[in-house]
Amino acid sequence: MKTELLPADHAGIQKAVELLRQGEIVAIPTETVYGIAADATNGTAVKKIFEAKGRPQDNPLIVHIGDLAMAEGLVAEIPPRAQKLAEAFWPGPMTIIMPRGPRVCDEVCAGLDSVGIRMPSHPVVREFFRLGAVPFAAPSANLSGSPSPTNAQDVFSDMNGRLPLILDGGESQVGVESTVISVAGDQPVLLRPGYITKEQMEAVLGEEVLLSPAILEKLKEGERPRSPGMKYKHYAPKANITILKGSLAQFADHVKKAADQPGVWCLCFDGEEKLLPVPCVTYGIKGDGVSQAHELFRSLRELDERGAQTVYARCPELDGVSMAVYNRLIRAAAFRVVEL
Ligand code: TXA
Ligand code: MG
């Protein structure tokens, strides 16, 4: 299949809408990461997403809507907690898991009785809906297992020949995937951290949001994740990454011992590269989760492009937006974390 890469102007977006409505898949920008969209009510179309990505069939997809009226039939009800969260954070980088409605196809939900819904804020997605896009299922536009793409070129590297159209809408602003919160049970549970933080959602809900155990550590053998996506090796570059927890001085000392081996790189914060004895890729400002989220996936891809084999990574904080960064980075590092 020939893959077209078009600017996300009026003609490009119109073409994407037509393909979507014909049951094709298209890659589009969102404010979090790029996604591969298919009509959420069309099982044959949604199957094409799984094929193009090489994604396991038991990992459910998020359904994207343009306004609340579009949720009709996709969810069985909009629970009061979802209503509050939607009012506060939609359109924006947050997905709410709600009881499933009859219009979503089985392929989207992967056998669950719930469905994830998100209303993106990206101007290209808003225009996509204005020009007639139907509610669409969309995972991140990477090959299953590799870092999510935050620009059209990275989508092209993974997806060339696997789908008919990629819309280029520039760089994704947030850089990590949406926050996923479930309100389908008795208590709200954070399933995947993102730009909208646990603290922000607690302030809106006026109650505690539970943390799914898979977020900050590896699941124990046989444990079933609440969010199926959390069990897969994810975001992983080809290099072996180890996160080193400690001060910059301790980090530099540790790296020095390995500095004479080939292919050793560091993934560090802006400005720290001057103090480290091996080549470095940076991923944002120390203590600033927003800038780290924006840079992380591009930095992971850059390490591969530069041929890094062994990577030592500086550790982000565990709260606020940094929680999302740590959650992605420990997966990229296959949970190798060393306390210095
Ligand atoms: O920012 C985003 O959310 C991007 C853009 C394209 O919108 N999409 C995205 O989709 O990250 P994906 O498929 O890469 O991640 C969806 C996550 C997975 O971890 C999946 O297991 C979880 O959401 N998920 C989806 N539906 C679920 C459900 N009903 N219950 C629990 N988890 C669910
Ligand atoms: Mg993904």
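**Exercise 1.** In this predicted model, is Phe128 buried or exposed?

*Solution.* Start with the relative accessible area of Phe128, which is 1%. The cut-off for buried is under 20%, so Phe128 is buried.

**Exercise 2.** Work out which kind of aromatic pair Phe128 forms with Phe136, then which kind Phe129 forms with Phe136.

*Solution.* Searching the whole structure turns up four aromatic pairs. Take Phe128 and Phe136 to begin with: their ring centres are 5.5 Å apart and the planes make an angle of 70°. Planes over 60 degrees apart count as edge-to-face, so that is the label for Phe128 and Phe136. Now try Phe129 and Phe136, with 5.4 Å centre to centre and 20° between the planes. Under 30 degrees counts as stacked, so Phe129 and Phe136 are a stacked pair. Put together, ring pairs join Phe128, Phe129 and Phe136 into a cluster. As for burial, Phe136 has 0% relative accessibility and counts as buried; Phe129, at 11%, is buried too.

**Exercise 3.** Describe how helix H1 packs against helix H5.

*Solution.* Geometry comes first. H1 (residues 10-21) and H5 (residues 123-130) pack at about 60°, their axes 9 Å apart. That angle makes H1 oblique to H5. The crossing of H1 past H5 is right-handed. Next, list who touches whom: H1 brings His10, Ile13, Ala16, Val17 and Leu20, while H5 brings Val124, Glu127 and Phe128. Sorting this contact by class gives six nonpolar residues, one polar and one charged. Here's our buried Phe128 again, now as one of the H5 residues that contact H1.

Terms used
Residues are numbered from 1 along each chain as its sequence is written. Chains are lettered from A and ligands numbered from 1 in the order in which they are written. This is a predicted model: local features need pLDDT of at least 70, side-chain atom pairs count only at pLDDT 80 or more; totals for chains, interfaces and linings use all residues. Side-chain values use heavy atoms; hydrogens and water are left out. Axes are lines fitted to C-alpha atoms, for helices over the stretch in contact, and angles run from 0 to 180 degrees between N-to-C directions. Helices (H or I, at least four residues) and strands (E, at least two) are DSSP runs, numbered from the N terminus. Angles under 35 degrees count as roughly parallel, over 145 as roughly antiparallel, 65 to 115 as roughly perpendicular and the rest as oblique. A crossing is left-handed if the near helix is turned anticlockwise from the far one by less than a right angle, and right-handed if clockwise. Contact means heavy atoms within 4.5 Å. Ala, Val, Leu, Ile, Met, Phe, Trp, Tyr, Cys and Pro count as nonpolar, Asp, Glu, Lys and Arg as charged, and the others, Gly among them, as polar. Rings of Phe, Tyr and Trp (its six-membered ring) pair if their centres lie within 6.5 Å; planes under 30 degrees apart count as stacked, over 60 as edge-to-face and the rest as tilted. Buried means under 20% relative accessible area, exposed over 50%, partly exposed in between (1.4 Å probe, protein chains only).
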